[in-house]
Amino acid sequence: MRGMRDELYSAVAKLVAQAAGCAQEEALTSLEKPRGQFGDVSSKIAFEIAKREKKNPVQIAAGICAKIGKHEWVEKAAAAGPYLNVLLSDAFYAQLAQGMAQEGVAFGRGSAKKGKVLIEFPSVNPNKPWHIGHLRNALLGDSVARMLSFAGENVERQDYIDDLGLQVAQSVYGFLEFGEEDWKKFDHMLGEQYVKVAKMVEDAEVEEKVRALLKELEGGKSARCAQARHMVERCVLAQYETAYKFGIFHDVLVFESDIMREIFSEGLALLRTNSAIVQEEGGKNSRCLVAKMQGEEFEGMKSPDKVLIRSDGTATYTGKDVIFQLWKFGKLGSKFKYAHFAKQPNGKECYKTSGEGSEMHFGGAQKVINVIGMEQAYPQKVIAEIFRLMGFAQEAENSVHLSYEHVGLAGGKFSGREGSWKGFTADELFEEGERRAAEKINGEMEGEEKRKIAAAVAAGAIRFALVGVSPQKKIVFDWDKALSLEGDSAPYVMYAHARCARILEKAKGVAEKEWDVANYSYNKEEKELLKMAMELPFVAQKASAECQPHVLCDYLVGLASMLNKFYNSSPVLAADVPKEARQARLQIVKAAKIALACGLGAIGIEAIERM
RNA sequence: GCCCCUAUAGUUUAACGGAUAGAAUGCUGGCCUCCGAAGCCGGUGAUCUGCGUUCGAAUCGCAGUAGGGGCGCCA
């Protein structure tokens, strides 16, 4: 779909190219949406030409301006210093409004792309409830996945479940010891038990038992293995109940135990064929399989070599990760078997790797995005580097570490062991959000409708608070900021959307075909709103290409702000509004509503009709 | 020792090397006999320091300062 923005820009580029005597390509890249009140489209082509011909850009701009040809969309062109500013005509806005009001849910969507993008998140240990920090990862992953889908990519959402780690072994030990305790949710119960066990393992005797249990779990054969797997799956199901409240979904879970059973040995054999991956026979990494990192970036490090297989024959995280990444890119012949895991509220089935089941289409992607904390930058880099050493340069290039900073508490960090997550779980945050939203909801609403709206507002507000800022910024958790219902927030955008919905609802008497008006003279707010709405496809494309949901959030706040300004300055249904203005404005409201709804949908915030 | 991230109004933040650094919040003064005030309009107030590159720097380079993280056979 080619939006009006593209059409406009290429039309203007043509005019500029003809007037300036340059390539249309160059004219197009010189165009931008100016910030302030400098016209509607501006070109900085004069700078380029001035550089090339060593002349004064101001004069060049004036010269180009004088030669700009006529176009029905262009009201006039004006030179402001070295800039060339184009003002758009009412004819353009009329066509824009008409075109946009006819758009549907697909407005701004990219055309279907070939290949597959795999995104993994949030890979939380299956022995505790998600806290706010986990939620940032999950919402970032989900938002990026949605943006990529919106941009036309074929996206596969994976979650990696570490069912063989020391943490999980401790939890299994605790669960077998304490049994099923009385808690509202299974993950919360395990989290509590884990805090207890973490204290108990300070006793050497208990620690010994946990070690033995871990070894047993890795063996994968005993009855306790099945019990452990069952506990882990129940925990993930409980965690996902939380995820669903926030609109976070997955396609497939990959369990570490299945990685070890199904693909590990083939992956290891493949690694061993590479000359940079060596079996050390002396030195501090004696008897380990080591990836020898070389190149400038690794110079000066205390120890650039990365152990993949320990001297006792077990694999390190990085070792497993490289092999898993090989599988993600379809480099291994070994296949997982899959079974049903859960039916999600979005209607989609979520699968899991399993000892029993059937082969499916998962994996084998052209691009892999791993949503992992900043602190793991080095091991992620090592994985990409090993890919390069193996001759998978393209795959190394397409291995994206989508890194983010953690959410902290004013007093310090979250610790599963110490239980500092208590009081800050995703569930508690959501409940508090619902409570605050419900307080503000329009008095006419009751019961189920009210509950649904409060949930949508809470989920939107929290998502916005966690993905609305650059992932590289640390967040110090604050209840009021995370649950803000006004200003820079999802509810602000949702409110603008609900306003549009109400206007259109009340205007049902006016048939849509009457909205088109000839020779209407658009006011400033109407123009600004339409221009901004037109930008959605462009912004969504940019945000998804850069994996930056905050770019889209920022845009949506701007668009909502324009709608509110328009709303305040340009009444639609008031008695004294001339018929023609009412019709034109209804069309604008429809256009704005579509852009708001599509933009919100692209990052996973529900565009509700009332609130 | 080496590497990575961060530094913008009191606070939280945005800004493909481009025009007057944009918002939010706070404080402050206005706007509902209402198309929804979860809103709108006005006032207040910011690029860590120095040097450089450039017609032009919050943005790029170098050198600092401050905070965080990493360079484990840990997880």
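**Close-ups of a predicted model**

**View 1. Helix α19 against helix α22.** Helix α19 (residues 524–534) packs on helix α22 (residues 579–603) at an angle of about 35°, with the axes 9 Å apart. Helices here are DSSP runs of H or I with at least four residues, strands are runs of E with at least two, and both are numbered from the N terminus. Axes are lines fitted to C-alpha atoms, for helices over the stretch in contact, and angles run from 0 to 180 degrees between N-to-C directions. On the α19 side you'll find Glu526, Leu529, Leu530 and Ala533, which meet Ile588, Ala591, Ala592 and Ala595 of α22; contact means C-beta atoms, placed from the backbone, within 7 Å. That set divides into 7 nonpolar, no polar and 1 charged (Ala, Val, Leu, Ile, Met, Phe, Trp, Tyr, Cys and Pro count as nonpolar, Asp, Glu, Lys and Arg as charged, the others, Gly among them, as polar).

This is a predicted model, where local features need pLDDT of at least 70 and side-chain atom pairs count only at pLDDT 80 or more, while totals for chains, interfaces and linings use all residues. Residues are numbered from 1 along each chain as its sequence is written, with chains lettered from A and ligands numbered from 1 in the order in which they are written.

**View 2. Helix α19 against helix α21.** The axes of α19 and α21 (residues 549–569) come within 9 Å and cross at roughly 155°. The two are therefore roughly antiparallel to each other (the cut-off is over 145 degrees). Residues of α19 in this contact include Glu525, Glu528 and Met532, and those of α21 include Leu559, Met562 and Phe566. The tally for this contact is 7 nonpolar, 2 polar and 4 charged.

**View 3. Strand β12 and its partners.** Strand β12 (residues 349–354) runs parallel to β7 (residues 252–255), joined by 2 bridges; strands pair if DSSP finds at least two bridges between them. Leucine 253 stands opposite lysine 352. β12 also pairs with β11 (residues 337–343), antiparallel, over 6 bridges, and tyrosine 338 has threonine 353 as its bridge partner. β11 and β12 make a hairpin with 5 residues between them, and glycine 347 in the turn has a positive phi of about 90°.

**View 4. Lysine 292 in its loop.** Look for lysine 292 between β9 (289–291) and β10 (306–309). Lysine 292 has 16 other C-beta atoms within 10 Å, so the residue is partly exposed (20 or more would be buried, 12 or fewer exposed, with C-beta atoms placed from the backbone). Leaving out residues up to four places away in sequence, lysine 292 touches Ala276, Val278 and Asp305.

Technical notes:
Contact = placed C-beta atoms within 7 Å. Parallel < 35°, antiparallel > 145°, perpendicular 65-115°, else oblique.
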